[in-house]
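Where does this chain pack its nonpolar side chains, and where does it leave space?

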Amino acid sequence: MKTALVGFNAKYIHKNLALRWIYVAKPEEEEAEIFEFTINDRIERTLERVCSYQPDVIGISVYIWNVEYVKEWIGRIHELLPLARIVLGGPEVTYENDEWFRYPIDAILQGEGEITFWQYVKQEPKIDGLKRYQQEPEVPYAKVPISFLETLQSPYFLPMDAKDMDKRYLYVETSRGCPYRCSYCLASLDNQVRMFSDEYLFQLFDRLEQSNVKQVKFLDRTFNVKPQRALAIAKRLSKMPKEMSFQFEVVAETLSKELLAFFLQEENKQRFRFEIGLQTFHQPALQAVGRIQNNEKLVGIIEQMRDHQCVMHVDLIAGLPQENYLSFQETFRRLFALHIDEIQVGILKLLKGTRLKQQTSEYSIQYTETSPYTITSNAWMSQKEIEEVDLVAHAVEKCWNSKKLTGTIRYMEAQGYDTYQLFLEAGKRLKELEHPYQMWQLYDIFWQLSKEKDLNFQGILMMDYYGKFKQRPKRWLPFRIMNDQKEQIYQRMMEYGVSKQDLYHYAILDVGYDKGQWCYQCIIYNSQQDFPKRYVIDQTLESVNEVEE
């Protein structure tokens, strides 16, 4: 009996941990292989690879990002291997899954599959979570004892992954389940938190320390659910190689004093990255979705972490019940004013199985019937307002999270620009650009949006612009420097220690911004295609300083 475990990831850098757990749970007598692709792969290529294995059973991992790809793939693989049994698993098929039986599948396994999948392969008579036809009576959601998982070969260091460990994320789980009951989230349906033992985890970390992994992402829904345990893990991870980083999902306002102090004192600020699901500051919306959140304490924690240069990624959700467009804008402005590293503005997705999905009529929610089930309007926000939020989300990703216009946007905020409206207007103009657009066009959007097109604004815009290129970029804004001024600046730069050859072969002079006013900016590129060295020279040519990137 040959089994193909098939996954379609959003990107190559991702890995499917669920398939790896099922693989290591394989009974000794069974033969299996993992086939991992992305949703951008040509479907013919993926079919050819699986067909060449000639499997008897095909297990497919289904998620919100690969639904449409999987639906087409099932039909195609069935034509090529009509005798193979196709079984589906994963969060996308665990709830409200009757429609999947329109496709040539044999069964769906609901819940955790490390035990039930192999029971299915061996065609055992009674299997938790197994569903074989539409409108079948409710079957138990399968769960696997953590103690059983700990007896298996580690899914984190399989031979098939050895070659690219440094090029892909390593997803790690230290627990399963979530202690919270947010009505929009699938994790709330598994409200029992089960922990992997400290002994198991620290053996994993010992092995991780000897690997060439660069980035680890913990899948725990709340890393700090047990503060002392989280502190012990964090201390162990802090001893890892300095180039290794770790991402946690935390409930920031519940961070213990000891855990918070440890993170604040970490010298290598790039080691830990924190994902914080703020979602909204609007208390009626928080109450409507069953989310408990102390906004003032949360803001205070974020401010402390920001002041200590902790790397944070904070999520907002537009379209929650009880939140209108104005209150969402206020949430955005309040969060943006904290100047954190990344803000993800998302539109509410109406996930199958969630309590919120059952309240669709009550809240007049309209949403797309196909994945990812994004809402288009509800009783508090119109379709036009949701579309505007989507424009803001796109602009935040391209202009702020990318670090391309950080200085410019902060400057405009300090000048009194409404940050929500600024991103909205930028989003509208981004939408109008032809794709792919050139980098200078992104910066030109903010030049066009500025009310005061003076040298101060031009200077700070150009500081952002020139810091993002390894080669000389297009100059689209004029800045006149007379030849005698240019020679004086070059002379001053040589006195500072810059070589004449670098100045005359690789340098660009333009306007810059430093210490609250416009200045000259000297950018020196190189033949190695590294990022350039940049210098700011004040208007009197007395002061020269290298820009720290």
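A pocket is an open set of grid points with protein on both sides within 12 Å along at least five of seven lines, and its lining residues have an atom within 4 Å of a point. The model examined here is predicted.

Start with the second largest pocket. Its volume is about 750 Å³. The lining takes in 26 residues. Nearest the centre lie Lys403, Thr406, Gly407, Arg410 and Glu549. Which elements each supply at least two residues of this lining? They are strand 13 (311-318), helix 13 (406-414) and helix 16 (455-466). By class, the lining of this pocket holds twelve charged, eight nonpolar and six polar residues.

The structure has three cavities of 30 Å³ or more. The largest cavity contains about 50 Å³ of space. Its lining is made by Lys15, Asn16, Leu17, Arg20, Pro155, Tyr156, Asp161, Leu170 and Tyr171. Helix 1 (17-24) and strand 7 (170-172) are the elements that give two or more residues to this lining. Five of the lining residues are nonpolar, three are charged and one is polar.

The second largest cavity has a volume of about 40 Å³. Around this cavity stand Val250, Val251, Ala252, Glu253, Ile276, Gly277, Leu278, Arg291, Gln293 and Leu298. Which element gives the most to the lining? Strand 12 (residues 272-279) does, with three residues. Six nonpolar residues, two polar and two charged make up the lining of this second cavity.

Next comes the packed interior. In soluble globular proteins, nonpolar side chains tend to be buried together. The largest nonpolar core here has 157 residues. Which of them touch the most other members? Leu208, Phe246, Phe248, Phe423, Phe446 and Leu461 do. Helix 12 (residues 383-401) gives the most to this core, with nine residues.

Look closely at Phe248. Setting aside neighbours within four places in sequence, Phe248 is in contact with Phe218, Phe223, Leu237, Phe263, Phe272, Arg273, Phe274 and Glu275. Arg273 and Glu275 count as charged, yet both are among the contacts of Phe248.

How values were computed:
Residues are numbered from 1 along each chain as its sequence is written. This is a predicted model: local features need pLDDT of at least 70, side-chain atom pairs count only at pLDDT 80 or more; totals for chains, interfaces and linings use all residues. Side-chain values use heavy atoms; hydrogens and water are left out. On a 1 Å grid over the protein atoms alone, a cavity is a set of points where a 1.4 Å probe fits but cannot get out, and a pocket is an open set with protein on both sides within 12 Å along at least five of seven lines; lining residues have an atom within 4 Å of a point. Grid points are joined across faces, edges and corners, and a volume is the space filled by probe spheres set on the points. Helices (H or I, at least four residues) and strands (E, at least two) are DSSP runs, numbered from the N terminus. A nonpolar core is a set of buried Ala, Val, Leu, Ile, Met, Phe, Trp, Tyr and Cys residues joined through side-chain atoms within 4.5 Å. Buried means under 20% relative accessible area, exposed over 50%, partly exposed in between (1.4 Å probe, protein chains only). Contact means heavy atoms within 4.5 Å.
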